[in-house]
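Have the chain open as you read.

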Amino acid sequence: MKYVLFYLSFLLCAVTAKANNGEHLWLDCHWSANPCQVVGPLKASPTIGIAAEELRQHWTLGPQVRLSLRSMLQLGEGYHITVRQIDSSKCPQLKATIVASSAAGLLYGAYQLLRLQNTGGLDSLLTSAPKDHGQSLFVMTEQPVWKLRMLNHWDNLDGSVERGYAGNSIWKWKQILGHELTPQLRRRLTIYARANASIGINATVLNNVNASPLILTRPYLEKVQAIAQLLRPYHIKVYLSVNFGTPKALGATSTADPLCPDVAMWWQRKAKEIYALIPDFGGFLVKANSEGQPGPGDYGRSHADGANMLANALKPFGGSVIWRSFVYGAHHKGEDRVKQAVSEFEPMDGLMADNVILQSKNGPLDFQPREPFAPIFYRMHHTPQMGELQITQEYLGQSKHLVYLAPMWKEFLSYVRPSMLVGIAGVANTGDTDNWCGHPFSQANWYAFGRLAWNPQLSAENIALEWSRQTFKLPTEQEQQLCHVMLSSHETCTDYMMPLGLHHIFRFDHHYGPEPGGFNPKYPLEWCPTYYHRADTLGLGFDRTVATGSGATAQYPPHYAALYEQLDSCPERYLLWFHHVAWTHRMLSGRTLWQELCHHYNSGVAQVAQYRSWWHNDMHPYIDNMRWQQVDTLLTRQLANAQEWRDSCLNYFSRFARKPIIRPSTHTIRQ
Ligand code: BDP
C-alpha cells in the first residue's frame, strides 16, 4: 500500500514541476524531502492509509501526527483535532492528534489539519510564547451537517458534457478496459478524488440526468465498478442517473410502466447486478417526465409510483432514489412555470417510500443569476429533501466569467435552513481541460460548494480567503483585493445580466449572451425571454402576486408570502420576479425604475472594468505567468460581454420605457 501511494504521489506531482497549470487545484502536491512521522492504525483501512500519506508528505509544522480511531466517540464522519506547541526552545514545533470514530473522519481530519496549516490557522501557536507547562493548545471538533454531499456530473457517454464548459467528460470510458483504468486516467481521477475528499464531498453521480439507457448495460456497469473502486478509499460513493424508460429502451420489456410486474422485476434484477459489482453503490438519480425524458406519467402513473418502484428495487441493498422535482409543462400546462414543482409534488408528500429523496434546485425556475428560494422546501413535510446547486455557471458566464458563487448559495441558505435538507448536490463544473474547470477562478466554486456542503455556516468571505491562500499564496494586500473581487463578483454579474429580479433573458439554447426580445413560436413559451420579463409601455416584470398575477407568492410560508406580495415590501433584488412594475415607480434610491435599471447595468460594467484593470495593472508580479495571462484574457472577454449585456438589454427595454438610455457616468459603481 505504502509503495502504491508513494508511486501515486510521485506521478501526481511530476507533471506540475514546470508551470502551474492549476491541475492540482487548491491542493499541495510538493514532494517532501523530510516526511513527518504518522502513527496510528495506519493499516486498518486504505482510507486511513491515504490520510497518513497526505500528512507524511505535507505536514511541515512538526515531527509527528498521531491518528487515533475510537468508535465509541460517535463522531460519524467528523473528527477531533488537537494541536500542541512543543519544543519551543529553538523554534516552535507542533504536535497534532486527530481522533475520529471512522476512517472517513480521519481522512477529513487530515485534510482539515493541512488546510489549517496552509491557510495560517495555526500560526498563532507557532508565534505565541509557551503557556503553562510549556504548551499552547488548539482544539477543534467538527461533524458535517449533511450526510449527503454530492456532485452531479452531467456527463454523457459519448464524452460530451451537458452544460459543461471545461472540455469533455472526465470519465473517459474508453480508457477503462474491463476493470482496469489506464495509468493516465487513474492519475487524473486520483486528483479528482483527492480534491473532493479534501473538501468533504462523499458522493458523485457519474452521468447526465438526461441519461442514456446504456449506462445500465453490463459493459458500462463494469467500468462504473472500476471508477467506484478508485473513489472508495477517498470515501466517495458512486450513484448513477437512470433513464426511467431503460428496460423498454433496451428491449427487455415492452413497457416501462412502473406498475407492470415485469418492469419492477427488471429493476430488481438490475439492482442486484449492480450491488454485486459495487456493494456500496449509492443509488439512482432520476429526471422523469421533464424536458422530454420518459417517466411514470407516460403511463398515467404518478411520480410517487415511479419513485417507489425504483426505491423498492434498491431497498434491500440500502440504496436511495433521488427524484428531481424539476418538472414543468407536463401536467400543469399554462400554469406559471415557477409554481409547477409545488403543484406536482405537494399532493405526493407522504406517499413516497422512505428511501426516496426529492431533489430541487435552489430557485423555482432554473439556476438563474438570482432567484428567490424555491418554496417547495417548505411544502414537503414527510419527504426527505435535497437542494441542487449549479457549480457549472450555465447562466452565470459559464467558464468565461469570474463569478464566485458562494454569496449566492449563502443567500439561498439564509432562507432554507440546513435542518430542512438531508443533503446537497452541486452540478459539477469539471472537464478534461488541464485545470479541470476552465476559468482558474471557477475552481473556487467547486471548492466553495464542498466547504458549504460540509458546513453551511461557513462564510463566503472565509471560504474565499481559504481558497485564495491555498491557490495563489499572495501578500496580504493583494489577497484582500482578490477576495474583494471574488465576493462582489456575483452581484456584479447580476447587475450586468439581470438586475432587480429579471430572469431568463438569455439567448436561446446556449444560455450565455443576452436576447431579451427572444421569442420563437416553435419553442414552449416557458423557454422564451419575453414570457419572463413581460415588458410593455407601462412597466417591466412578471406579476406573480395573488392579487393580480399568477399567485406564486402564495406558495411561500406566510411571512415571505406577505413580504413578496406587496410592491413596497418586496426586496428590490427580487422585485421584477414578483411584480410588474411601472417605469416611473420610485425605488429606494429615489431613482425611477428605468433610471435604476440603467444604473445597475452601468454599474455592473464599471465593476468588471475595474476588476480587469486591477488584474492587468497590479497583479502580474504576484501570479505565475500562465494563470495571470489566462485570467487577463478572460477578464477582457468578460468586460466585452458585460457591455454587450448592458447595451442589448437597455436598447431593447428603452423601446418600452420610451426613455433615453442613461449613459455611464463616473458614479456608476454600485454603492
Ligand atoms: C437546465 C439545462 C438543461 C438541463 C436541465 C435540468 O439547460 O440542460 O438538462 O436544466 O436540470 O438548466 O434537467
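## Ground rules

Buried here means under 20% relative accessible area, exposed means over 50%, and partly exposed is in between (1.4 Å probe, protein chains only). This is a predicted model, where local features need pLDDT of at least 70 and side-chain atom pairs count only at pLDDT 80 or more, while totals for chains, interfaces and linings use all residues. Residues are numbered from 1 along each chain as its sequence is written, and side-chain values use heavy atoms, with hydrogens and water left out.

## Cysteines

There are zero disulfides in the structure, a disulfide being a pair of cysteine sulfur atoms within 2.5 Å. C483 is in none: its nearest cysteine sulfur belongs to C437, 18 Å away. C483 is also buried, at 7% relative accessible area, and C36 is buried too, at 4%.

## Helices α15 and α19

Helices are DSSP runs of H or I with at least four residues, numbered from the N terminus. The axes of α15 (residues 476-497) and α19 (residues 593-618) come within 9 Å and cross at roughly 150 degrees; axes are lines fitted to C-alpha atoms over the stretch in contact, with angles from 0 to 180 degrees between N-to-C directions. The two are therefore roughly antiparallel, the word for angles over 145 degrees.

## E466

E466 sits in helix α14 (residues 460-471) and counts as buried, at 14% relative accessibility. Beyond its neighbours within four places in sequence, E466 is in contact (heavy atoms within 4.5 Å) with R115, T119, Y447 and R451.

Definitions and conventions. Angles under 35 degrees count as roughly parallel, over 145 as roughly antiparallel, 65 to 115 as roughly perpendicular and the rest as oblique.
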